[in-house]
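Please walk through this model with the structure open beside you.

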Amino acid sequence: MKQITLVTILAAAAIALPLVIGENPYITGILISVLMMAALSSAWNILGGYAGQYSFGHAAYFGAGAYTTMILLTNYSTLNPLICIAVGIIVASIIALITGSIVFRLRGHYFGLASIAVAEIVRLSVLNFDFTGGAQGILLSDVSLWGLDLNSKNPFYYGMLLVLVVTLGITAYLRTSKTGYYLQAIREDQDAASSLGINLSFYKNKSLLISAALTSVLGSLYGLYIRFIDTSAVLDLRLSIEIILTAIIGGVGTLWGPVVGAFLLVPLAEMLRSNLLGDALIKAGLVSETSALGIFLKENLAHAHVLVYGIITVLCILYLPKGILGLFRRAK
Amino acid sequence: MIQHLLRVSHVSKHFGGNVAVHDVSFAVDEKQIVGLIGPNGAGKTTLFNCITGFFPVTSGEVIFDIKKINDLRPDEVCRLGMARTWQRVKPLGSLSVLENVMVGAFSVTNKARQAEEIAIEQLKSMGLTDYASKSAGSLPIGLKKKLELARVLATHPKLLLLDEICGGLNHTETDAILDIIRTIRQRGATIVFIEHDMKAVTSICDRIVVLNSGEKLAEGTPEEITNNPDVIAAYLGGGHHA
């Protein structure tokens, strides 16, 4: 009961938020990034957290959605973007099925390595084909849906929010269903799972398919939102790793962990990128602007958000192996 | 021809040049308890892995009911009604005891509520009710073995393969497990079990199959086996036999 109340309040707050902050593209932009990363990480969590299959190649499905949508819209500009998103899901699912049939034969670290390999194959293919725009990427001049003002950010805020809610809903449902129990059994011990009647490859592929389809929708939305994509934006290994780190830091295999992780890490990365943190420290008089540390903060920290991710991850693994949510679990 | 529940016929398993199991045949009838014994490295667990689909056999056939099951996956074998436990217990560590048993129960139902009912019932009959919400990984070994048994019974097997279910247990715990096994049989299950503890084996088995160095050494009733000179030699004589 408590959880339902909490969810209702959160949902109401999330829906009302753009109205409260009004027309502030900067803040809305950050919120969209937070929601997107929360949804991406939650989608990854279905495969990585529940089934225990650490995919390091989720950028492939994100890119599949983004590229499919962008390529379709540049060639057929009157197409309904929702159809493009649907086609994106199909493309991502095909990649997922091919990937799954090959890499799910492998276990543990080998699965992780193979998932990177598949994602790199996708990235290098896209980089070298002509119809994908190659290294130049794809720029979309205009897009329209139902007369919505797609130059404003609010439609994308609600779009990302919707996908996040759907992803969390699927996760919550899975947790109490046969599939959810089976995925967790696979995570804990594959031989035991198999001896208890669980078809390993069927359930692994099922979770990969759900995860990949949701990820591709987010990729499509991202493409429509930014209207420019290239391989370094949507197919990079860095993206796959950020998705995983968000889940690890928030709490792998928990419903809310990836959301918590995203609300912490995305604003943090933004603060580092825009030098807010360095400036704040200097302004507060904690660090002198001319000292070595001050210069470092101003000059280099902006490029260091991945480094900070890394440090937080190491600290989390050492002291919070169950993520931030694990803290509250233990207290119970 | 008599219909056996399980028929292992001329099964061999080679790992490269290593012969782990060579030309082993035996049959198990319904409601029998058959013991599979032999010294370390005799190929007992390998044979189990072949029967349950974890290893493909090199040659020979495994027939369950009337179906040839050599080429089936372990999960298919389980859903046909043959379930196994593991010598080294494999609890689903971070799941609760109840959830562990529910995972087993899901092979006979798709509904979580039904699976939970089956699991609660199974825990009750195993005396594990008090531990239902504990995480499976935190149980002591004796209870982990019981959990392993509860979980596999929740799949409602016709044939149960137990791999050293009493291994590592003290006398009281062993007796408790043997009592459970007798109760299971009264309910109609058939059991094959690997065991080192001769006393446990002879007290409960209808028939015993003895493996040595991957080959079948003897087969018979507990009395026949305990008086068989080859078996005594294999266990005690350290290679003086044959």
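Helix H6 of chain B has 16 residues and reaches 23 Å from its first C-alpha to its last, close to the 22 Å expected at 1.5 Å a residue. The model is a predicted one. Which residues of H6(B) are buried? They are B:Thr174, B:Ile177 and B:Ile181. Seen down the axis of H6(B), these buried residues fall within an arc of 65°, so they line one face of the helix. An α-helix has 3.6 residues a turn, so residues three or four places apart point the same way.

Now turn to the opposite side. The face of H6(B) turned away from its buried side carries the exposed residues B:Thr172, B:Asp179, B:Thr183 and B:Gln186. What do the buried residues of H6(B) pack against? Their partners are helix H5 (141-153), strand S8 (190-194) and helix H7 (198-204) of chain B. After H6(B) comes B:Gly188, whose phi is positive, near 110°.

**Where the chains meet**

Next comes the contact between chains A and B. It takes 23 residues from chain B and 17 residues from chain A. Which elements of chain B give two or more residues to the side that touches chain A? They are helix H2 (74-80), strand S6 (82-84) and helix H3 (97-105) of chain B. The side of chain B that touches chain A divides into 10 nonpolar, 7 polar and 6 charged residues.

**The nonpolar core**

Now look inside. The largest nonpolar core has 161 residues. Those with the most contacts inside this core are A:Leu35, A:Ala39, A:Met160, A:Ala185 and A:Leu218. Helix H2 (residues 25-50) of chain A gives the most to this core, with 14 residues. The core also draws at least three residues from each of domain 1 and domain 2 of chain B.

Take A:Leu218 as an example. Not counting residues up to four places away in sequence, A:Leu218 touches A:Met36, A:Ala39, A:Leu40, A:Phe62, A:Gly65 and A:Val163.

**Two loop residues with positive phi**

Finish in the loops of chain B. Phi of B:Asp65 is near 60°, a positive value in a residue other than glycine. B:Asp65 is found in the loop between strand S4 (59-64) and strand S5 (67-68) of chain B. Why does B:Asp65 count as partly exposed? It has 16 C-beta neighbours inside 10 Å, and a residue is buried only from 20 or more, exposed at 12 or fewer.

B:His156 has a positive phi of about 50°, although it is not a glycine. Its place is in the loop between H5 and strand S7 (159-163) of chain B. B:His156 is partly exposed, with 16 other C-beta atoms within 10 Å.

How values were computed: Residues are numbered from 1 along each chain as its sequence is written. Chains are lettered from A and ligands numbered from 1 in the order in which they are written. This is a predicted model: local features need pLDDT of at least 70, side-chain atom pairs count only at pLDDT 80 or more; totals for chains, interfaces and linings use all residues. Two residues are in contact if their C-beta atoms, placed from the backbone, lie within 7 Å. Helices (H or I, at least four residues) and strands (E, at least two) are DSSP runs, numbered from the N terminus. Ala, Val, Leu, Ile, Met, Phe, Trp, Tyr, Cys and Pro count as nonpolar, Asp, Glu, Lys and Arg as charged, and the others, Gly among them, as polar. A nonpolar core is a set of buried Ala, Val, Leu, Ile, Met, Phe, Trp, Tyr and Cys residues joined through C-beta atoms within 7 Å. Domain bounds come from an automatic or database domain assignment. The expected span of a helix is 1.5 Å times one less than its number of residues. The arc is that of the directions from the helix axis to the C-beta atoms.
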